[in-house]
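I opened the model to look up a few local features. My notes follow in the order I made them.

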Amino acid sequence: MSAKAISEQTGKEFLYKHINTSAAVQNRFRYATVTAETDWDRLTQEHQWLLTQRLVVKPDQLIKRRGKLGLVGINLDLQGVKDWVKSHLMKDTTVSRKKERHILLVLSRSHEEEFYVCIYAVREGDIVLFHHEGGVEVGDVDAKAQKLTVAVNEKISEEQVKEQLLSYVPEDKKGVLASFIVGLFNLYEDLYFTYLEINPLVVTTDGVYVLDMAAKIDATADFICKSKWGDVEFPPPFGREAYPEEAYIADLDAKSGASLKLTLLNPQGRIWTMVAGGGASVVYSDTICDLGGVDELANYGEYSGAPSEQQTYDYAKTILSLMTREKHPQGKVLIIGGSIANFTNVAATFKGIVRAIKDNQEPLKEHEVKIFVRRGGPNYQEGLRVMGEVGKTTGIPIHVFGTETHMTAIVGMAMGHRPIPNLPPMAAHTANFLLNASNNTVTPANTRTASFSEPKTPNDVSPAKKSKAGLPAAKATTLFSKHTKAIVWGMQTRAVQGMLDFDYVCSREEPSVAAMVYPFTGDHKQKFYWGHKEILLPVYKNMADAMKKHPQVDVMISFASLRSAFDSTVEAMQYPQIHTIAIIAEGIPEAHTRKMIKMADEKGVTIIGPATVGGIKPGCFKIGNTGGMLDNILASKLYRPGSVAYVSRSGGMSNELNNIISRTTDGVYEGVAIGGDRYPGSTFMDHVLRYQDTPGIKMIVVLGEIGGTDEYKICQGIKEGRITKPVVCWCIGTCATMFASEVRCVGAGRSHQNFYLVVLLISDRTVYDELVANGTIVPAQEVPPPTVPMDYSWARELGLIRKPASFMTSICDERGQELIYAGMAITEVFKEEMGIGGVLGLLWFQRRLPRYACQFIEMCLMVTADHGPAVSGAHNTIVCARAGKDLISSLTSGLLTIGDRFGGALDAAAKQFSKAFDSGMLPMDFVNKMKKDGKLIMGIGHRVKSINNPDMRVQILKDFVKQHFPSTQLLDYALDVEKITTSKKPNLILNVDGFIGVSFVDLLRTCGGFTRDEADEFVEIGALNGIFVLGRSMGFIGHYLDQKRLKQGLYRHPWDDISYVLPEHMSM
């Protein structure tokens, strides 16, 4: 639910800062907050007006009717406020079965005549209520107040306000009030309020005083209003403590693309839940309360939207930690439930839960926790198998059930109301559903009918009815057929492939997706599969091109983000060919949704969503991920139409309905999930009336929710005879009446509180059997669908196939929640302060090297970083940079010069010296042999440095190595060779390349991390030259940047530095 209550202090700050009115708004920012830790002396220093003003004191905790409840102190001096605070602060107060401790707000106050004003949102617009007698005794304002209805996209004027709201207000105050109310309404719209009440509102000769305020804002509008709102803190509902674990999960949710919600109801409770899906979480809570567990229900919440393994682990460990803090004499139960997932890989999400159970197995056993699991969806069999295995290995009682068990049956088992059955082993994996039992590879199209219960014409489309002039366009009764063509907005290739696979098993002649629109890439073709065959679908950068080239399209499926969904939907409605739009995104501001609804009504467009998985018409068309993967589509017989149509809010529960209806009737004719927002684009009644007017539908199922009046409209339609077909309705959310505080039911468009009486009908086979008995439904013979090949990636994930990998890696893994270097998490790398040397050790050598080794590597990088512009590598880099080339090109030109003659002597030196030393050759014999063979000794010699002009780089490294290395046998051997070579010529010293090469061999052989063979292998494969390449790259980049900064032009070598030696002229 996007509308969230804010504190009175926050609401008044918004008003004082942003209201634009000619009325003088008084007592701006004249408030102070008091807590149990408040220092009164310091408070009065910061707010000196407290010493001189008459004051009002009250709790700022979302408590309604504080005045009537005696929770407001009026017209007090500071001492009176202190006395009032002392008698109330941190004291439990019962308010309508709810208890809370108070945080007090202290305000200055001026008081004369009191008024009441309230603005709140409804589907059609906004309602402004005004009553000339405000204050504590205002009473039933809905019945007494004057009302002004402001339609969507309309504004109000001062004249309207005076005429319709202020008829009982004294003339001298009408102008001020009218200006203030108009300004208040504009503020309400600009800052995306959904509810704004001021009572009392006082008008004096000085201006307007806002004394008491209650407000809610649309939290989903944060991306629009962030600059005006700032960082808004939403206080917990009155009657419930705010727990740090709730804040932790809320933070995880904010950082994730998935949905993670947690509300603690009773931390001492015995019954804990971990439910997948918003609608399912409500159903499980209902069932627990229905079975008498309301006082033992510890938490409410859900996880959904394909969270990662790490996110699921963090969520699960939080719940397991909470439930194992206090023991219960009867032990505890954990219900891990959910409906049938549409696209979430159940086995993947269960990995995180399994890991959390293993990490907490001892506390779970100590607290005698029993776990009950029920889940369905992609790869659920593997998930349940793994969950069952962890129960056996840990000794924790874990009972697992799949789609063969009703989703709430495990609640009765967990609470001891029904026995725990011994179920036969389940199918090994999802793929069992994809095998055609009849071995038919193709189902002839002429054996398939448009309806499972009775034949229909191939094209049973009813276009939008023509409306009379001046009236809104009528909407189509039939939204989808076997010939429906859609455009998908967004690069959702997985969802599109799912739609094409559905089309194929339904024996459609052509794919239902005509094209895709994605503004962030150029026009191109995207590859998909049509059965066994590869096909290409066009992807357009703008919608205009897509509509122009595909005039047959009448449906748009929008996967646009919450930020762009409004604009893309409005654009789509400009094209008369579009009759239906499905909006998948969650979190679209309610004001935007209401504007889209109004435009859709005017143009005769049906909107499904926002915040929906979509809808499905078996045998014809499905929206995006609706119905889940092929295993569920085949298991629920969604490839051919049945006789039952349903409408639901919840996407996850709609898949559960597919399962239930297919098991108890001849199947689904059509199903729509209208979405979980407060204002869905189309309502229950819209779709029920469509179903009533569709001949193939014989029975209607509605999965409703407590709160609101949508279900009453259906009842009224039945009462008036507009709806004559059998209707089975199940209203979820009945648990809300039993909670001691308001609970935001996740995924639901309403807060389940303050609702009307709803009749709950129990769904079973009775209605369907009667329809079959009287001949209304005539079940047809089943016709097997054609087989669809399984995608390679999914088959591999299920473990059905194996294939040699094209690449192998053993140093880095980026697939998880955290980057891994050679088995070490990146957070640990920083925590251990490993530095560049440590990272290089992990990535190059797959070892965590000793500290001195890491320091030596970093020193090598430092001393090899640069050696001036004259060396060949730097020279090439400079010339390339001055030719106008980019950084990468210039760097590459420099690196290409590295070899045995320049910088690449580390490996060669290490190999030559190691071979001589290991063979037992004396240094003099080694020098003589190399001279005899006519070979240079790699790592010996320097153009500038000599025994008399030593290279300080070598000296720095030598001092460190001698001090820290456990052994330097090869270095000592090389230094003995240097004594022989420098005796012949002073510049034949052991240069920096040779020193690093031989020292690295000593390091690899003696640090304790490598075997002799491993150390020699690293030298052989060229690892040591990488030190010079990495270090010198820093210098080359420096030269590139230096030339660019100095703005040096194209380099041309001077003639006088070139010796032109041409052959003499030859005359015949």
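I began where helix 30 ends: Gly920 follows the helix and has a positive phi, near 80 degrees. This is a predicted model, so I took local features only at pLDDT of at least 70 and side-chain atom pairs only at pLDDT 80 or more, while totals for chains, interfaces and linings use all residues. Residues are numbered from 1 along each chain as its sequence is written, and side-chain values use heavy atoms, with hydrogens and water left out.

**Helix 30.** I checked the length of helix 30 (residues 905–918): at 1.5 Å a residue its 14 residues should span 20 Å, and the end C-alpha atoms are 19 Å apart, which agrees. The expected span is 1.5 Å times one less than the number of residues. Helices are DSSP runs of H or I of at least four residues, strands are E runs of at least two, and both are numbered from the N terminus. I listed the buried residues of helix 30, among them Leu906, Phe913 and Ser914. Buried means under 20% relative accessible area (1.4 Å probe, protein chains only), exposed over 50%, partly exposed in between. The helices these buried residues pack against include helix 31 (923–932) and helix 36 (1025–1045).

**Phe528.** I found Phe528 in strand 22 (residues 524–530). Phe528 is buried, with a relative accessible area of 2%. Leaving aside neighbours within four places in sequence, I noted contacts of Phe528 (heavy atoms within 4.5 Å) with residues including Thr493, Leu500, Met516 and Leu537. Phe528 and Arg494 lie 34 residues apart in sequence, and 9.5 Å apart in space, C-alpha to C-alpha.
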